[in-house]
Amino acid sequence: MSYQQHFSMGSGSRPARRNFEFGRTCVVRPQGKHQATIVWLHGLGDNGSSCSQLLENLPLPNVKWICPTAPTRPVALLGGFPCTAWFDVGEISEESPDDWEGLDASATHIANLLSTEPADVKIAIGGFSMGAATALYSATCAAFGRYSNGNAYPINLRAVVGLSGWLPGSRSLRTKVEGSHEAARRAASLPIFLCHGTSDDVVPYNYGETSAQCLNTAGFRNLTFKSYEGLGHYTVPREMDEVRNWLTATLGLDGSRS
């Protein structure tokens, strides 16, 4: 499934728009009664198919998983080499400039994938690495009620999961949330579950921890941060078991088959 998003970049010498061509979306159907739909976002250079293979073995029979594939684009972190990426990134640190346009394009695509789900189905977003960063950006959009480009955020997000990720836009988050009572209320009520390995050599543990602290300080108080001693930049069954248990409790999944 491909999807194209156009963004105006104003007048002057800059290009009028960037095109974002999203790749194939894989769907894992619920094996039991459909109670929740979760978009799961892959890491840099990966695709939705590999995520779907991991998630179809997770015993959550009431969940429909949607696993999209990011656009293929040049990535500054890789010296301009093109690969699947939810947004452009130069370095994984607080000092790196944020690609708001790329983030908005991906967050919009994700929200569109969820916008047609039944009204009685709870919706959530999760991801790994850059996918986790995109999920956390979606969490901030849900709190503000809009994307950074000013367009309205259209869905009622009920939970966010981020594994081995970081928070884009962390420098200005607290000021933005504190400036709006509605944003503060929505931030405080959105459950977030973050996990990070202490031996992560791609997204440093302290950056993941700082991102969690930044979210908490900005008003995202329903947040759990779990550290995994010795874990590198990958997932392990124990971590996925905790994700499953947290999603079951947070979304009220009862395991029913019909």
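R185 and E182 pair through their side chains in a salt bridge, with N and O 2.8 Å apart. The model is predicted. Both residues sit in helix α5, which spans residues 181-189. They are three residues apart, about one turn of the helix.

Another pair lies in helix α7, residues 237-251. There D241 and R244 meet in a salt bridge. They are three residues apart, about one turn of the helix. The total for the structure is six salt bridges. Side chains of opposite charge can pair when their charged atoms come close.

| Salt bridge | N to O distance | Helix and spacing |
|---|---|---|
| R185 and E182 | 2.8 Å | α5, three residues |
| D241 and R244 | 3.8 Å | α7, three residues |

How accessible are these side chains? R185 is partly exposed at 47% relative accessibility. E182 is partly exposed at 38%, and R186 is partly exposed at 27%. In helix α7, D241 is partly exposed at 34% and R244 is partly exposed at 22%.

Now the cysteines. How many disulfides does the whole structure hold? The search finds zero. C83 is in no disulfide, and the nearest cysteine sulfur, in C51, is 14 Å away. C83 is buried, at 12% relative accessible area. The C214 sulfur lies 14 Å from the closest cysteine sulfur, that of C141, so it is too far for a bond. C214 is buried as well, at 18%.

Technical notes:
Residues numbered from 1 in each chain as written. Predicted model: local features only at pLDDT ≥ 70, side-chain atom pairs only at ≥ 80, totals over all residues. Heavy atoms only, no water. Disulfide = S-S within 2.5 Å. Buried < 20%, exposed > 50% of the residue type's maximum accessible area, 1.4 Å probe, protein only. Salt bridge = Lys/Arg side-chain N within 4 Å of Asp/Glu carboxyl O. Helix = DSSP H or I, 4+ residues; strand = E, 2+ residues; numbered from the N terminus.
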